[in-house]
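Take a look at the protein shown here.

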Amino acid sequence: MKVFKKIVFSLFLLIIIVFGALFAWQPYLFRVLKYRTPDAATYKEFPQALVRKSDSVFHFHRAKNMRNDLDTLKVQDGENRLVPFEDYFTKGNLNAFLVIRNDSVLYEKYSAGYSDSTLTSIFSGAKSMVSILLGKALADGKIKSLNERVTTYIPELKANSAFKHITIKNLLDMKSGLEFQDALGGIVQAFFSDEAKYYYTHDMKAELMKVKLVNAPGTVWKYKSIDPILLGWVLEQATGQTVAQYFEKNIWKKIGTEHNASWGLDHVNGLANTASRFQVTAVDLAKVGRLYLNLGRYNAKQIIPEEWVRESTQLGNEKPSSAKGWQKSAHHHLWWIPQEGEHGDYAAEGMLGQRLYVDPKTNTIIVQFAEKGAGNYPYRKISRYLAGLPFRYPKAE
């Protein structure tokens with residue numbers, strides 16, 4: 001019995017030593033263990049850079065009679081089953097669903113504790129905000145060309161030969177060629193993934209300085225966080241302002257926002273996590289959609305060049321590098337653009353079902369916040385239904 005107790009104690013001690021060494025080697029792993037998969041409120045555990053609201057607020061008109069018939073509209077869930085939207089909302093643990101057409105709120109539904117003014121992290125939806133900022137920086141002449149090398153703006157990266165030939169466009173296209181391990185494949189892989197590292201580390205710049213090149217820049221598309229994080233760093237170097245400052249001055253204060261937003265930082269006064277830590281309310285995220293729906297204009301002022309909006313939300317003759325879901329959404333300029341059926345709609349999409357959907361055909365904006373999401377892509381059917389237009393899901397292959 002004494003021998004058994006000694007063995008157990010020795011194993012316990014060994015585990016403590018191993019984990020102690022592990023956390024000393026990579027301190028961010030303790031935060032991975034503590035928080036695991038982040039939820040929409042995990043951002044509160046990290047420093048925030050405030051983005052102050054507009055001085056003059058734009059208010060969407062709220063329809064006198066809401067389109068509550070949407071509750072019974074059948075949409076496909078993640079298992080391709082047709083279910084009433086009300087069930088879709090419940091199954092996906094949706095927190096907010098806001099539908100706006102012609103500047104009028106036609107439908108809104110919230111879970112307990114949520115409203116259109118609840119601040120929420122939109123995770124990878126932040127990447128689309130980076131795309132907006134990049135278009136503004138190009139228009140301002142802060143960045144001369146997408147074909148410029150990243151090291152032109154971040155000279156310290158010259159110390160890592162992986163960055164020698166990477167351009168801003170490579171980052172925008174997610175074709176940097178930099179090594180990145182996603183969180184798919186099980187608990188252990190998720191624990192040690194780069195996805196977890198860049199979300200929880202307190203020093204993203206130090207991690208970026210060590211990254212390796214695994215593909216020639218511009219040749220292989222891979223969805224990853226480090227490319228938009230690097231774009232955020234480029235924007236700060238090019239503009240001489242933090243991401244939050246540049247975003248506030250040039251976008252947020254100019255589109256009639258009603259609430260403050262925020263960018264999550266890796267540490268106090270550190271780098272913004274432009275891949276997954278932008279916090280916003282549903283009603284103000286809709287105003288970002290409205291800005292793009294109006295081709296970059298607000299109150300007759302061109303906030304973002306129309307050409308950039310069109311370039312970002314249309315593939316043109318470019319061959320898609322990705323095809324997600326039945327709608328075959330391609331990732332382009334950090335937006336998701338469906339290629340199946342009629343073209344024209346697009347979306348900013350984040351983990352756990354955070355969505356900003358824009359449909360120019362019906363002048364519709366949809367914002368969805370969720371705890372996990374019910375899957376699939378109901379937004380086009382909803383926008384066409386509320387506009388009185390026909391819609392059919394494609395047949396399953």
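## Strands side by side

Strand S7 pairs with strand S9 (residues 278-280) through 2 bridges, and the two run antiparallel. Thr120 sits opposite Val280 in S9. Keep in mind that this is a predicted model.

Strands of a sheet pair through backbone hydrogen bonds, and the pairing can be parallel or antiparallel. Here, the open sheet has 4 strands. Their order is S1-S8-S9-S7, and the pairing is antiparallel. Strand S1 (48-51) and strand S7 (120-121) stand at the edges. Each has a single partner strand, so one side of each is left without a neighbour in the sheet.

## A helix across the sheet

Helix H11 (residues 243-250) lies across S1, strand S8 (261-264) and S9. H11 runs at about 10° to S1.

## Two helices meet

The axes of helix H4 (residues 125-140) and H11 come within 11 Å. They cross at roughly 75°. Angles of 65 to 115 degrees count as roughly perpendicular, so H4 is roughly perpendicular to H11.

Which residues in H4 and H11 meet? From H4 come Met129, Leu133, Lys136, Ala137 and Asp140. From H11 come Val243, Tyr246, Phe247 and Asn250. By class, the residues of this contact divide into 6 nonpolar, 1 polar and 2 charged.

Rolling a probe the size of a water molecule over the atoms shows where empty space is left. How many cavities of 30 Å³ or more does the structure hold? The count is 1. About 60 Å³ of space lies in the largest cavity.

Its lining includes Leu172, Asp173, Lys175, Trp221 and Leu315. Glu318, Lys319, Pro320 and Ser321 also line the largest cavity. So do His331, His332 and His333. By class, the lining has 4 nonpolar, 4 polar and 4 charged residues.

Definitions and conventions
Residues numbered from 1 in each chain as written. Predicted model: local features only at pLDDT ≥ 70, side-chain atom pairs only at ≥ 80, totals over all residues. Heavy atoms only, no water. 1 Å grid on protein atoms, 1.4 Å probe; cavity = no way out; pocket = protein on both sides within 12 Å on 5 of 7 lines; lining within 4 Å. Points joined across faces, edges and corners; volume = space filled by probe spheres on them. Nonpolar A, V, L, I, M, F, W, Y, C, P; charged D, E, K, R; others polar. Pairing = 2+ DSSP bridges. Contact = heavy atoms within 4.5 Å. Axes fitted to C-alpha atoms, helices over the stretch in contact; angles between N-to-C directions. Parallel < 35°, antiparallel > 145°, perpendicular 65-115°, else oblique.
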